[in-house]
Every structure is written in structure tokens, then in C-alpha cells.
Amino acid sequence: MSRAIASARRAPDGFLVISAAISVFVAALIIYPLGWVIFDVLFADWRFDSAPFVALSQESGLGALLLNTIIAIGAASAVALVIGSTFAWLSERTDVGMPFLGKMLPVIPLLIPPIAGAIGWVLLAAPRAGFLNSWLSSLASLVGFGQVGPLLNIFSWPGLIFVYVIYLTPHVYLSVAAGLRNLDPSLEEAARMSGARPLTILRDVTLPAVAPAVVSGGVLALITGFALFSVPVIVGGQGGIEVLSVRIVHSMIASYPPKTGVALLLGMAIVVLIGSSWMLQRAILRAGRFATIGGRGMRSAKVKLGAWRWPARIVMTSYLLISSVLPLAALAIVSVQPFWTANISFQHLTFKHYAALFSSNSFASTGLRNSVLLGVAGATLGMLIAAVISFYIARNRGSRLAGLIDAATKLPAAVSHLVIGIAFISAFAGAPFHLHGTLAILLMAYLVLYIPQASLTASAALAQVGKELVEASLIAGASTASTFMRVTLPLMMSGLTAGWTMLFVLTAGDITASAMLAGNRNPVAGFVILDLWTNGSFPPLAAFAMILTALLSTVVIVTMAWTWRRL
Amino acid sequence: MTAAQPQLDIEVLAKSFHRNKGRDVRAVDNVSLRMEKGDFVVLLGPSGCGKTTLLRCVAGLESPDSGRISLGGETVYDSALGLEIPPERRNIGMVFQSYALWPHMTVAANIGYPLKMAGAGRAETDARVKRMLDMMRISELANQYPGQISGGQQQRVALARALARGDDMILFDEPLSNVDAKVREHLRLELLAMQRELGFAALYVTHDQEEAMSLATRIAVVADGVIHQIGTPQEVYRTPRNLKVAKFIGSANQLDGTVVNDGTGPAVETPLGRIALKEAALPSAVGSRVSLISRPERWRISMDRPHAAAAWPGKVRASAFLGPYNQYLVDLGETELQIWQQGSHPLPIGSEVWCQISADDLTAFVSDSAA
């Protein structure tokens with residue numbers, strides 16, 4: 001018996017060959033453009049070329065640019081770290097009792113794309129026509145303060161940091177909540193039985209034990225923040241606060257020919273910032289001892305908040321309000337106004353902007369259609385490829401090629417979307433591929449951009465499939481291919497579905513790569529939004545953001561409801 | 001506080017959990033329990049029977065629905081008064097299943113933590129921690145971290161930390177379930193010696209009856225949220241109060257039958273025929289269904305027909321040599337018996353044998369309604 005299996009394993013296996021081919025192809029798709037752009041920019045004609053450095057030195061305000069980026073994202077990450085960790089502690093360890101919010105918080109960036117939220121907050125808190133400003137000043141005159149100027153200005157440092165915080169908080173929350181969930185609650189109960197009060201336990205036991213999760217939540221916020229393009233382009237642009245990501249995209253699209261050299265070197269600065277965040281994380285983690293005991297899903301005694309319960313609930317609810325309800329409401333109102341105004345008049349409401357979006361072959365409707373198409377294709381292909389790659393890596397653990405492929409699929413997360421966008425333009429847009437502005441270059445770029453998330457979920461899903469189940473199928477005489485199709489894939493399905501949803505939402509709602517790679521001939525949703533924003537046509541923009549949000553959240557909610565029911 | 005105050009007094013305590021589909025599970029169903037100083041009470045029952053919930057209610061980590069709990073004469077929970085003292089203000093130590101030693105604190109810091117929380121000064125804390133370490137014979141580990149010491153040493157640290165909190169009453173939540181059988185036996189003996197030496201009252205949760213037998217001064221058999229019987233290990237083993245306890249404690253053979261009396265005396269009609277029993281041994285009247293429970297080691301098995309009246313022919317279906325005794329599975333017609341008997345050579349499978357037992361070793365219980 002065992003000899004039969006051994007010899008079967010030695011024979012060339014068609015499926016393993018195919019999966020190796022797919023894995024190698026994807027790795028090449030990641031490595032080739034990155035290698036190409038570095039070579040093309042820095043070593044034109046096989047000699048080191050200093051021209052990009054000269055061009056960079058002629059760029060204006062580089063110091064301020066770097067400082068802006070570090071201050072805005074550093075401050076926002078710090079605030080997000082405090083808020084996200086507090087929310088995670090409240091919902092995992094206290095009797096605050098808002099399970100719905102706990103489930104919603106981490107998916108808010110998926111439900112409402114950051115670009116829609118940022119635009120929503122512009123509509124709410126722009127100095128002249130912002131709804132909140134208008135309401136606050138009417139309130140002020142009502143209570144007798146007389147006429148006051150605009151109280152809020154979203155186009156400012158606090159405004160920019162505020163919108164960053166909204167979108168960075170869920171990343172921290174997710175990480176810290178997972179850390180708390182995996183922490184053996186008896187560590188905290190032992191402290192209670194030792195006579196420590198809840199806040200003392202938080203300081204002495206909980207925080208030190210989940211420090212790795214807190215640190216990685218903070219680093220995740222930093223990394224996400226550095227690469228985020230949508231928030232600073234909307235909020236920072238008007239306020240005259242420019243950050244690295246915006247300058248990089250503009251170097252590629254706002255000048256002709258594109259300043260690829262400058263963009264690449266600035267992109268490298270982001271890679272360095274991300275790398276230093278990781279080094280910081282490693283340095284912090286190396287210094288201490290941490291609980292690594294896996295939780296066994298034990299129930300834990302909830303800390304009773306007593307009088308603090310309602311204030312905590314109000315604070316958590318207002319986050320939901322600020323991050324989603326208010327901006328969505330503002331978008332909804334403006335989308336049915338003839339023009340953006342804080343004076344809501346019900347006689348003049350109109351659905352013409354929606355009608356225009358759905359009229360055939362408008363620029364916007366083409367963009368939406370393309371995004372849905374690319375979203376479905378990218379998510380399906382991406383998850384399938386990720387499933388095959390994770391299977392290949394698991395079967396060939398220890399081989400050098402598998403290690404290389406594994407590293408390649410993680411690379412896009414480390415080098416930031418901006419650099420990959422630059423690389424794709426310089427490698428595929430011109431000769432010999434001539435893919436500029438096509439759906440093909442977008443699809444390839446999306447696949448590469450989101451392969452780290454896809455392979456992370458796929459290998460987590462694969463880890464859930466017991467090794468014995470696969471071996472039993474092989475022993476039962478099934479080939480590797482039919483084992484994969486009949487045993488592994490069906491058992492991975494719920495994990496893959498979750499990954500598919502995430503990929504669909506990220507792809508269909510993508511701004512960064514779309515801004516650089518899409519063109520007027522083949523617009524996508526992110527491209528359309530930026531176009532409408534630049535033209536200042538707010539009601540169509542609001543209507544478009546509403547439809548995009550509705551589309552993405554419907555997909556997320558449907559699949560979440562489906563997976564929860566199966567749990 | 002008089003000396004007559006019990007160490008722990010639980011009165012009609014109840015706690016339900018809401019499960020999906022609106023079904024409530026009564027984890028603790030009106031339980032009362034009283035413990036004196038030096039008592040070692042083991043809550044023994046299958047998993048999910050409510051024993052851990054009961055323990056956590058005493059600790060204050062779980063909120064009961066109703067009832068009353070007092071510790072050393074001080075009421076810590078009373079639903080009628082709406083009183084619930086949080087765990088950090090109940091003066092009891094607890095040893096957790098995973099030991100729950102804080103990985104970022106040294107052994108000494110772990111043990112000293114409850115003292116620090118009680119507001120003890122640095123010098124006093126150091127002195128008491130040193131005494132604890134000496135007592136547990138782990139002084140050399142003071143500056144080690146929990147990840148660097150063995151399972152047995154971890155148990156001693158966990159116990160020392162619990163004792164530093166309150167040396168009157170210690171709660172144990174299945175602390176031996178994570179270690180392998182050999183170490184477990186050793187730790188059990190060590191824990192027993194410590195408890196008898198230091199004299200604290202212990203409330204100990206386990207599903208392992210061997211552990212319960214060896215540690216307890218009294219065993220409380222818990223099932224479905226109810227204490228079915230509480231007594232010394234000998235009492236619950238020899239004279240179980242009902243069928244549930246009899247079947248859960250030790251291995252048991254069960255023979256179902258009907259009580260009859262044809263004038264020659266009371267008997268039970270079973271698939272093996274009519275078995276005569278004393279009037280006093282029968283739990284119910286003629287015509288009712290009963291189960292006869294017997295322990296495997298009370299049966300005798302032989303190749304020759306014994307002289308005793310109560311003997312049945314059977315066939316050995318399985319036979320195993322376990323060292324101290326041999327284990328047999330014997331078919332008596334449709335009935336299957338488990339029998340343990342000493343002997344250097346086990347009887348081979350398929351042997352035609354005779355099985356006998358004294359009527360005194362058959363205990364009759366009213367049958368489960370389910371059976």
C-alpha cells in the first residue's frame with residue numbers, strides 16, 4: 001500500500017504541473033514589472049542613470065511633503081490606535097453589549113469606500129456649503145449668539161487627520177479584537193481573583209499580553225495610511241496639504257510625459273516608511289514577553305461598566321454615525337439636489353443624476369459597468385489562483401521555488417499600490433505590450449495588488465482543511481486534481497467566499513491603481529469619481545458615490561449573511 | 001464571626017444560559033452546598049453538567065440568577081438583596097485549568113500580585129512571597145518566567161498565587177486536565193499533601209473520577225445542573241443514591257427487569273431469569289421497572305459450574321490482560337457483562353464460562369424514564 005502511494009507520488013502529476021505553472025506565472029506577473037521599472041528608470045542603457053535624482057531634486061517642497069505625510073498619518077494612526085483599541089476592549093471584554101457594532105466596525109471600510117466617506121465629509125463640513133456648518137450657525141443664531149462664521153473646516157489639518165482616523169480605526173480594531181479573542185481569558189480572571197480592579201487588570205495584564213496585537217494594529221494603520229490616496233486627494237487637496245501618495249499619482253497622470261523617475265523614487269520613500277514601521281514593530285516585540293496561549297473559545301467574565309456603560313455605548317454609536325450614517329446622509333441629500341446647497345428645499349428634489357447614470361453608455365455608467373465586470377473577474381480569478389497557489393505551496397513546503405512564490409505573493413503588500421501602479425504603466429503600457437488604458441492592464445494590476453489578501457485568506461482556508469482529509473482522498477485512489485476539486489476546494493469554500501467578497505469590494509472600489517491605469521476609453525468607477533471631483537460636479541458625484549456604496553455594501557451584506565448562517 | 005460559620009455556604013443557587021432557538025439551559029439548578037474548614041469537595045460530573053458554572057459563580061466570575069452564597073460567614077451574593085460582591089473583593093484563591101500564569105511577569109511577581117493588589121507594602125510582599133516559594137520548594141525559580149518552568153512547577157506557582165490571595169478557600173478548575181497521566185498522578189499526590197498540610201478548604205472541579213476519588217473528602221456528583229449525591233468517595237461508590245450516580249461512578253453493568261413476587265419472596269424478572277432480592281433492597285413495588293447495577297470487579301468468572309444458585313453460562317467475547325487484573329466482555333445470551341478478575345493468564349476468547357455474583361452486590365434502582 002505505502003509503496004503504491006510512494007510510486008504514485010514519484011510519477012509526474014498533471015495537476016501539480018499545472019499548479020506550478022500558474023504559481024510561476026503569477027510570481028512573474030508580480031516580479032517582472034517591478035524589476036522592469038527599477039531597471040528602466042535607474043539603469044537606462046545598462047548604465048546607472050542619475051537623471052531621476054536630478055529631476056527629484058528639482059521637485060518643489062519635498063521636505064514639506066515628507067513632513068506632511070509623516071505628521072498627518074502619524075497623528076491619525078496614534079488617534080486611531082487609542083480609539084480602535086478602546087473599542088476592541090469594550091466590545092470583547094465588557095458588558096457594553098453591542099455585538100452588532102462589533103461586527104460592523106471592521107467592515108465599514110468595505111461597506112463605504114473611503115472615497116465616498118471623504119466626499120460625504122466634504123459635503124458635511126466644507127466651510128461654505130457644508131451641512132453641519134449651516135446647521136450649527138442656524139443653531140447659534142437661534143440660541144442668540146448671532147451670526148457666526150463656519151465652525152468646521154474639513155479642508156484643514158484637523159479635518160484631514162479626522163477623516164484618516166475614521167478609516168484607520170477599523171484596522172486597529174480588527175487586530176486588537178482578534179488579539180483579545182485569542183487571549184486566554186483566565187489570565188485576566190486570575191488577576192480578578194487576585195483582587196485587581198478592572199482598570200488595573202487592563203494595565204497590568206491585558207495590555208501587556210495583547211501588546212503584539214496593539215502594535216501590529218498601529219503598524220497596519222501606518223501602512224494603510226501611507227498608501228491611502230483617496231482621503232488626501234479629496235480632503236488634503238483643497239486644504240493645500242499635499243502628501244506623498246497624492247504627489248506620486250499626480251507625477252504619473254498630471255504631466256506628460258509621466259515623471260516616472262520622480263514617482264518611483266517617491267514611491268521608494270513610501271516603501272522605506274512602510275519598512276521602518278515593520279522594523280519598529282519587530283523592535284518593540286523583541287523587547288518583551290507575550291502570551292501566546294491560543295484561546296479555546298472560553299467564555300470570559302465581562303467587566304461590568306456600571307455607570308460608564310451608557311457613555312461607552314454613546315461613544316461607540318457616534319463612531320458609526322460619523323463614519324457612515326452622516327456622510328451617507330449627506331451624499332444622499334446632495335445626490336437629489338439640482339446643485340449642492342445647505343438649504344434643503346423639498347420642491348426641487350430631482351432624480352435626474354441617477355437617471356443620467358443609468359442612461360446607456362454615459363461615461364459614468366460605462367465606468368460602473370467596467371468596475372463590476374473587473375470586480376467579478378478579478379475576485380473570481382484572484383481567489384482561484386490564490387487557492388491553487390496556497391495548495392501548491394502547502395504541498396511543496398520547503399522547496400526553494402515554493403518559497404520564492406510565497407515571498408512573491410507577499411511582495412505587493414510591502415511595496416505599496418502606488419509603486420505597483422507605476423511599475424505596470426512602465427512595463428505594460430508601451431511597447432511591446434501596448435496595454436495602455438485597456439481593461440487587461442487593469443485586471444492584471446488588480447490581481448497583483450490584491451494577491452496578498454487573497455493568498456492570506458486562501459491559506460487560512462486551506463489550514464482549516466485537515467491534512468488527513470486530503471490524505472484519505474489520495475489513499476482512496478483519487479488523483480491530486482480530483483482531490484483538490486472534490487475535497488480541498490469544497491471545504492475551503494466558506495473562507496474563499498469571504499475572500500472573494502473582500503477582493504470584489506477592493507477591486508470594484510479601487511481608486512489608486514484606477515487613477516493611474518484607466519483611461520477615458522475604458523473608465524472604471526474610481527476614475528469616474530476622480531473625474532467628477534475634479535470637475536466639481538457634486539450632485540452627479542454624490543449620486544455615483546451612492547450607487548457604488550449601495551452596490552458594494554449589498555455584495556458584502558449578502559455574503560456575510562450567507563456565511564453567518566452557515567456558522 | 002463564630003467558629004461555627006461554614007467556609008462556604010451555597011443556598012438554592014440557580015443559573016441558566018440562553019441558547020440559540022430560545023432554549024434555556026439550566027446550568028445550575030437550585031443547588032445547595034455547605035463546606036467546612038479543611039473540606040476537600042470535588043464536583044464530579046460529565047462535561048457540560050454545570051460544575052464549572054457553579055465554581056465560577058462562587059468565584060464571582062459568573063452572575064447567578066438567584067440564590068445565596070456566603071464565604072466564611074460573609075454574604076457575597078444574595079439575589080433577594082440584589083447583592084453581588086465582585087470577584088476582586090471576594091477573599092478566595094483560584095487555580096485555573098491553564099494555570100493562567102502571566103507570561104510577562106516572573107514567578108515571584110506572579111505570586112506577589114495578589115498581595116500588591118491587597119495594598120501590602122513592598123517589604124511585606126517580598127517576605128511573604130519568599131515564604132510561599134520556600135513552602136512550595138520552588139525558591140530557585142523566583143526570577144524565572146512561566147514559559148521557562150515545567151508543568152509541575154507551574155502548578156506550584158499557580159497554587160502559591162492562589163494561596164497568597166486567600167488561604168481559607170481555594171477553587172480549582174480542572175487544573176490537572178492539561179498534563180499527561182504520569183505527571184498527573186504525581187501532581188495529584190502533591191496537591192493532596194499540600195491541602196492536608198495547610199488546611200485550606202478546596203472546591204475542585206473535574207470529570208475524572210479517579211482524580212475525584214483520590215483527592216476528595218467528599219464528592220458531589222453533578223449532572224444536569226443538580227447535585228445528585230454528596231458523600232465520601234466510599235459512599236458514592238458503594239451506595240450510589242440513584243441510577244445516574246451509579247452509572248457515572250466507576251464502571252457498571254446494567255440489567256433491566258420487573259419486580260415480581262410469586263409468594264416465595266420478592267425477585268426481579270430479568271433477561272437472565274428471575275433473581276431473588278431482599279425486600280429492603282427493592283426501591284419500588286411489584287410490577288415496576290427496575291435496573292440492577294453491579295460492579296465488574298464483584299463478578300466471578302470460571303470454567304466450571306459453581307455451586308452457587310445465581311450463576312449463568314456465557315461465552316467470552318473479548319479478553320484483555322491489564323496487569324493488575326484481566327478485563328472480559330462476556331455474552332450471556334443477549335446480555336453483555338463487563339467483568340474484572342485477577343489471574344495471571346486471561347481466559348481465551350470464545351471460552352464457555354460461568355458467571356456468578358452475590359445478590360448483595362446487585363443494587364436495584366428505579367429505571368430511568370428514558371430507558
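A residue is taken as buried if 20 or more other C-beta atoms lie within 10 Å of its own. In this predicted model, A:Ser416 has 24 other C-beta atoms within 10 Å and is therefore buried. The residue is placed in helix H18 of chain A. B:Tyr99 lies in the loop between S7 and H2 of chain B. Because 23 C-beta neighbours fall inside 10 Å, B:Tyr99 counts as buried.

Helix H18 of chain A, which spans residues 400–429, crosses helix H17 of chain A, residues 363–395. The two axes come within 9 Å, at an angle of roughly 145 degrees, and the crossing is left-handed. On the side of H17(A), the contact involves A:Ile389, A:Tyr392 and A:Ile393. These meet A:Ala402, A:Ile405, A:Asp406 and A:Thr409 of H18(A). By type, the residues of this contact are five nonpolar, one polar and one charged.

Chain B contains an open sheet of five strands in the order S2-S1-S4-S5-S6, with antiparallel pairing. Strand S2 (24–35) and strand S6 (83–84) form the edges, each pairing on one side only. Within the sheet of chain B, strand S1 (residues 8–18) and strand S4 (residues 66–71) are joined in the antiparallel sense by five bridges. In S4(B), B:Ile69 is the bridge partner of B:Ile10. Helix H1 of chain B, residues 51–59, packs on the sheet and touches S1, S2 and S4 of chain B. The direction of this helix makes about 60 degrees with that of S2(B).

Between the chains, 22 residues of chain B are in contact with 21 residues of chain A. Three elements of chain B, namely strand S7 (93–95), helix H2 (107–117) and helix H4 (151–165), each supply at least two residues of the side that touches chain A. The largest share, three residues, comes from H2(B). The side of chain B that touches chain A comprises 14 nonpolar, four polar and four charged residues.

As for confidence, the model scores ipTM 0.73 and pTM 0.77. Chain B has a mean pLDDT of 87, and 97% of its residues reach 70 or more.

Conventions
Residues numbered from 1 in each chain as written. Chains lettered and ligands numbered in written order. Predicted model: local features only at pLDDT ≥ 70, side-chain atom pairs only at ≥ 80, totals over all residues. Pairing = 2+ DSSP bridges. Helix = DSSP H or I, 4+ residues; strand = E, 2+ residues; numbered from the N terminus. Contact = placed C-beta atoms within 7 Å. Axes fitted to C-alpha atoms, helices over the stretch in contact; angles between N-to-C directions. Nonpolar A, V, L, I, M, F, W, Y, C, P; charged D, E, K, R; others polar. pLDDT = per-residue confidence, 0-100. Left-handed = near helix turned anticlockwise from the far one by under 90°. Buried ≥ 20, exposed ≤ 12 C-beta atoms within 10 Å, placed from the backbone.
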